[in-house]
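Subject: Structure handover and findings

Hello,

Here is the structure you were expecting. Please open it alongside this note, which goes through what turned up.

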Amino acid sequence: MMKKNIIALALAGLIAAPVFAEEASKPQAGDILQSINMFTPEEGDPSYKVKADERFGTQWAVDMAYGYWHSHNTDAAMHSNANLALIHAQLNQRLIKDDANGGTWLRVEFSGSWGLDHESARTDMMLTDAFGSATYPHADIYGGHDGVIPELALMQYLAGKRVCIIAGMVNLTNYFDAVGIANDSFSSFTNDGFINSSVLGLPDANLGAVVQAEIDSKSYAMFAFSREATGYGDNPFSEGNGSFLLVGEYGRMFADGNATFRINPFYRHIDNLDGTGDDNAGLAASIEYTVNDYLTVYSRSGFGFKQDLGNAFDFSCGANVKLIPSREDDFLGVAFGVFKGCAPTANNREYVAEAMYSLQINDYFKIVPHIQYIANPAYDAENSDAVLMGVQGVFSF
C-alpha cells in the first residue's frame with residue numbers, strides 16, 4: 001500500500017525564503033530513502049501538523065473511507081453487495097534524535113475493514129472468492145470485521161541518512177514495488193493486481209528485516225528477508241514453519257527525476273502441511289513516467305522461473321490523466337492487466353481492466369468511483385466474466 005511519501009525537504013519544514021530555494025532543490029543525502037520510508041503532511045495541510053513533526057518527531061497519515069460495491073456475474077453463493085468502512089493509518093515516531101544520520105524511529109501501521117450491514121459483516125471473504133485467485137477486487141478489504149497490524153518495527157538510519165535498517169514485524173509492500181500511481185487502493189486503483197506484482201507476493205505482518213542503501217542521488221538498492229509463516233492475528237514469534245521470502249530491489253531515476261525504473265529479484269520457499277516444500281524464484285520490474293503536468297503512465301511485469309507457487313506471469317499498465325486543468329487534484333485512472341496462473345491448463349489466464357476517477361472535494365475529502373471488468377475470474381472458464389462497480393468516500397489526514 002502506498003504511504004504519503006514525500007522527499008526529505010518536507011521533513012525539515014517548508015522553506016519560505018526565496019534566497020534558499022535554489023540550494024534546497026539540490027538533491028541531499030538521504031532524500032531517496034526518506035521519500036520511501038517517511039511521510040509528513042503535504043504542502044497546504046494545516047500548520048499544526050508540521051509543527052508537531054518538528055517538535056516531537058511525529059509523522060502520521062490516516063485514510064478513512066466508506067465504500068459500497070456491487071458485483072455482476074459472480075458465484076451465486078457469494079454476497080454481491082459490500083457496504084464497508086475502511087481505515088489505513090501509519091505512524092513514524094522518532095525515538096532517538098540524530099540530525100546527522102537520521103535517528104531511530106518506531107513504525108506502526110493499522111488497517112481494517114468492517115461491514116456496515118448484516119450481510120457485509122458476516123463474511124470473512126468479502127467478494128474475493130467470486131472474483132480471482134490472482135486479483136482480489138479491493139486490496140484493503142480483509143473481511144467484514146477485521147482490523148490488522150501489518151507493521152510494527154524499528155527503523156534505524158545510518159551513514160548520513162544513506163543507509164537504513166528496518167526490523168520487526170514488517171510490511172514489505174511499504175518498500176518494494178511501490179509504483180506511485182498504482183499502489184494506493186484508497187485513492188487510485190483498487191484491484192490488488194494493480195497495487196503490487198502478483199508474482200512477487202510480498203508478505204506483511206511477518207517477522208523480517210529490510211536493508212536499504214542510497215547509491216547516489218539517482219539510485220538505491222534494498223534487500224529484505226521475511227517469514228511467511230503467520231497470518232493476521234497470529235503471534236509473529238510463534239514457531240510456525242520454515243516458509244520465507246528473499247527479495248531485492250534496485251531503483252534508478254532518470255529523465256530529470258520524472259521517471260523511475262525498479263527491478264525486483266526474489267526467491268521464495270514454502271513448507272507444506274504434508275512435509276513437502278515448494279520453491280519459486282523470479283524477477284519483477286516496473287517503470288513509471290510523468291510525461292507532463294497532466295499525464296503519468298506506468299507498466300509492471302513479473303515472471304517466476306518455477307511455477308510451483310503463485311502466479312507464473314503478470315503484466316499490467318495504466319495511466320493517470322488530469323482532464324480538467326483547473327482541477328489540479330482530480331484525475332482519471334485507467335489500467336489493464338494479464339495474470340497467468342501456475343497451473344498448466346488451457347484457462348490459466350485472468351484479464352482485468354479498471355477505470356476510476358478521483359474527485360477531490362477539499363483538502364481532506366475525495367469521492368472515488370470505479371468499475372472493474374474481470375475475464376476468466378479465478379481461472380474458471382465456466383464463470384467467464386465479472387463486473388464490479390463501486391464508490392469510495394475517502395477522508396485523508
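Is Arg107 buried or exposed? Arg107 is buried, at 1% relative accessible area. Here buried means under 20% relative accessible area, exposed means over 50%, and partly exposed is in between (1.4 Å probe, protein chains only).

Some ground rules before the rest. This is a predicted model: local features need pLDDT of at least 70, side-chain atom pairs count only at pLDDT 80 or more, and totals for chains, interfaces and linings use all residues. Residues are numbered from 1 along each chain as its sequence is written, and side-chain values use heavy atoms, with hydrogens and water left out.

Overall picture

The protein chain has 5 helices and 16 strands. These are DSSP runs numbered from the N terminus: helices are H or I with at least four residues, strands are E with at least two. Of its 397 residues, 48% are buried. The chain exposes about 17,600 Å², and carbon and sulfur atoms supply 60% of that. Areas come from the Shrake-Rupley method with a 1.4 Å probe; for residues, only the protein chains shown count as cover. Take the contacts (heavy atoms within 4.5 Å) between residues at least 6 apart in sequence: 62% of them join residues at least 24 apart.

Strand 2 (residues 81-96) and strand 3 (residues 104-115) run antiparallel, joined by 12 bridges. Two strands count as paired if DSSP finds at least two bridges between them. Strand 3 also runs antiparallel to strand 4, with 10 bridges. Leu154 in turn stands opposite Ala167 in strand 5. Strands 4 and 5 are antiparallel too, with 7 bridges. Their hairpin has 4 residues between the strands, and Ala159 there takes a positive phi near 55°.

Salt bridges

How many salt bridges does a search of the whole structure find? The search finds 8. The criterion is a side-chain nitrogen of Lys or Arg within 4 Å of a carboxyl oxygen of Asp or Glu.

Back to Arg107. Its salt bridge is with Glu151, with the closest N and O atoms 3.0 Å apart. Arg107 lies in strand 3 and Glu151 in strand 4, so the pair ties together parts that are 44 residues apart in sequence. Glu151 is also buried, at 1% relative accessibility.

Arg162 and Glu214 form another salt bridge, at 3.4 Å from N to O. Arg162 lies in the loop between strand 4 and strand 5, and Glu214 in strand 6 (residues 206-216), so this pair ties together parts 52 residues apart in sequence. Arg162 is partly exposed at 34%. Glu214 is buried, at 7%.

Asp216 and Arg252 also meet in a salt bridge (3.5 Å, N to O). Asp216 is in strand 6 and Arg252 in strand 8, so parts 36 residues apart in sequence are tied together. Here Asp216 is partly exposed at 29%, and Arg252 is partly exposed at 32%. Finally, salt bridges that share partners join Glu249, Arg262 and Glu288 into one network.

Nonpolar cores

A nonpolar core is a set of buried Ala, Val, Leu, Ile, Met, Phe, Trp, Tyr and Cys residues joined through side-chain atoms within 4.5 Å. The largest has 25 residues; Ile166, Leu172, Phe176 and Val247 have the most contacts inside it. Helix 3 (31-37) and strands 4 (145-158), 5 (163-170), 7 (219-227) and 8 (244-254) each supply at least two of its residues. Another core lies apart from it, with 23 residues, including Leu84, Val179, Ile181 and Phe186.

Beyond its neighbours within four places in sequence, Phe176 contacts residues including Leu202, Val210, Met222, Phe223 and Val247.

Ser384

Ser384 sits in the loop between strand 15 (365-375) and strand 16 (385-396). Ser384 is partly exposed, at 46% relative accessibility. Not counting residues up to four places away in sequence, Ser384 touches Ile374, Ala375, Asn376 and Pro377. Ser384 and Glu350 are 34 residues apart in sequence, and their C-alpha atoms are 9.8 Å apart.

Best wishes
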